[in-house]
Amino acid sequence: MEHYFTNNANLKSDFRTINYEYAGDTISFTSDLGVFSKDKVDFGSRLLVENYLKKGRPMVSLLDVGCGYGYIGLTLAKFKRIDSTLIDVNKRAVHLSEMNIKNNKIVNARAFESYIYDNVTEKYDVIITNPPIRAGREVVMGILKGATNHLNDDGELWFVIRKNQGAETIMKLLADTYTMEVLEKSKGFYIIVAKKILTSN
Ligand SMILES: C[S@@+](CC[C@H](N)C(=O)[O-])C[C@H]1O[C@@H](n2cnc3c(N)ncnc32)[C@H](O)[C@@H]1O
């Protein structure tokens with residue numbers, strides 16, 4: 001069975017455009033077959049971005065893990081003026097993100113392929129993700145727990161997760177790594193901000 005995170009070189013293309021408007025300006029995304037939420041901005045991703053736009057502290061650098069066609073990382077690069085790095089295991093998603101960087105003339109963003117953090121060498125102020133629940137608990141926890149190794153000490157992990165996809169259980173599994181705040185609960189989606197628990201040694 002094909003998933004939105006499977007690489008399939010034979011998959012045909014059927015490009016479509018998704019516009020997102022904010023503060024009287026528009027960012028325009030090219031999307032395609034074989035990527036997550038290809039026809040419209042996902043509700044959970046939008047809730048996450050809108051919380052970040054409203055409540056995010058000024059930060060310098062951001063990593064969008066599982067970027068898809070680039071909605072989260074590029075919207076924040078454009079409207080929050082944060083330096084954004086986008087990664088995904090899906091080659092087509094990375095390619096679309098690169099196209100969207102170019103077409104929207106976003107100079108403070110880049111995208112590359114990575115399985116979880118395998119190709120990530122730097123640390124960031126913010127890691128943000130709508131994690132790939134269908135890829136399984138191991139990948140989701142790899143993204144969420146693994147973020148500690150790629151966050152600056154006062155950095156923040158922002159994520160969205162649905163109550164019926166185990167939000168409460170996942171928060172319990174993260175409780176030894178992060179302090180967490182639920183910023184919003186809407187239509188069964190939780191927006192969570194996590195900060196590393198720093199140990200003295
Ligand atoms: C729920 S989608 C979110 C996509 C995009 N951020 C958005 O908001 O539209 C999760 C993304 O994670 C990617 N993904 C799945 N497994 C991954 C892995 N092991 N490492 C990195 N990305 C992965 C998928 O390809 C997909 O693009």
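Does lysine 196 count as buried or exposed, and what is its relative accessibility? In this predicted model, lysine 196 counts as buried, at 14% relative accessibility. The close-up views below return to this residue and then visit other charged pairs and the ligand.

**View A. Aspartate 153 and lysine 196 meet through their side chains in a salt bridge.** Here the N to O distance is 3.8 Å. Aspartate 153 belongs to strand S7, while lysine 196 belongs to strand S9 (residues 189–196), so the pair ties together parts that lie 43 residues apart in sequence. Elsewhere, salt bridges with shared partners join Asp14, Arg16, Lys38 and Asp39 into one network.

**View B. Glutamate 156 pairs with arginine 57 in a salt bridge.** The closest N and O atoms of these two residues are 3.0 Å apart. Look for glutamate 156 in strand S7 (residues 151–162) and for arginine 57 in the loop between helix H1 (43–55) and strand S3 (61–65); the pair therefore ties together parts that are 99 residues apart in sequence.

**View C. A salt bridge connects arginine 110 with aspartate 83.** Their closest N and O atoms lie 3.1 Å apart. This pair links distant parts of the chain, with arginine 110 in strand S5 (residues 109–113) and aspartate 83 in strand S4 (residues 83–88), 27 residues apart. Both ends count as partly exposed: arginine 110 has 33% relative accessibility, and aspartate 83 has 31%. For context as you move between these views, the structure holds 12 salt bridges.

**View D. The ligand sits among 18 residues.** Those that come nearest are Ser45, Gly66, Asp88, Ile116 and Asn130. By class, the shell comprises 11 nonpolar, 6 polar and 1 charged residues.

**View E. Serine 45, cysteine 67 and aspartate 88 each place an atom by the ligand.** A polar side-chain atom of serine 45 is 2.5 Å from a ligand oxygen atom. Cysteine 67 takes part through its backbone, with an N or O atom 3.4 Å from a nitrogen atom of the ligand. Aspartate 88 has a polar side-chain atom 2.6 Å from an oxygen atom of the ligand. Taken alone, the ligand exposes 600 Å², and the protein buries 98% of that.

Conventions
Residues are numbered from 1 along each chain as its sequence is written. This is a predicted model: local features need pLDDT of at least 70, side-chain atom pairs count only at pLDDT 80 or more; totals for chains, interfaces and linings use all residues. Side-chain values use heavy atoms; hydrogens and water are left out. A residue is near a molecule or strand if one of its heavy atoms lies within 4 Å of it. A polar contact is a pair of N or O atoms within 3.5 Å; within protein, one must be able to donate a hydrogen and the other to accept it, and residues adjacent in sequence count only if both atoms are side-chain atoms. Accessible areas come from the Shrake-Rupley method with a 1.4 Å probe; for residues, only the protein chains shown count as cover. Ala, Val, Leu, Ile, Met, Phe, Trp, Tyr, Cys and Pro count as nonpolar, Asp, Glu, Lys and Arg as charged, and the others, Gly among them, as polar. A salt bridge is a side-chain nitrogen of Lys or Arg within 4 Å of a carboxyl oxygen of Asp or Glu. Helices (H or I, at least four residues) and strands (E, at least two) are DSSP runs, numbered from the N terminus. Buried means under 20% relative accessible area, exposed over 50%, partly exposed in between (1.4 Å probe, protein chains only).
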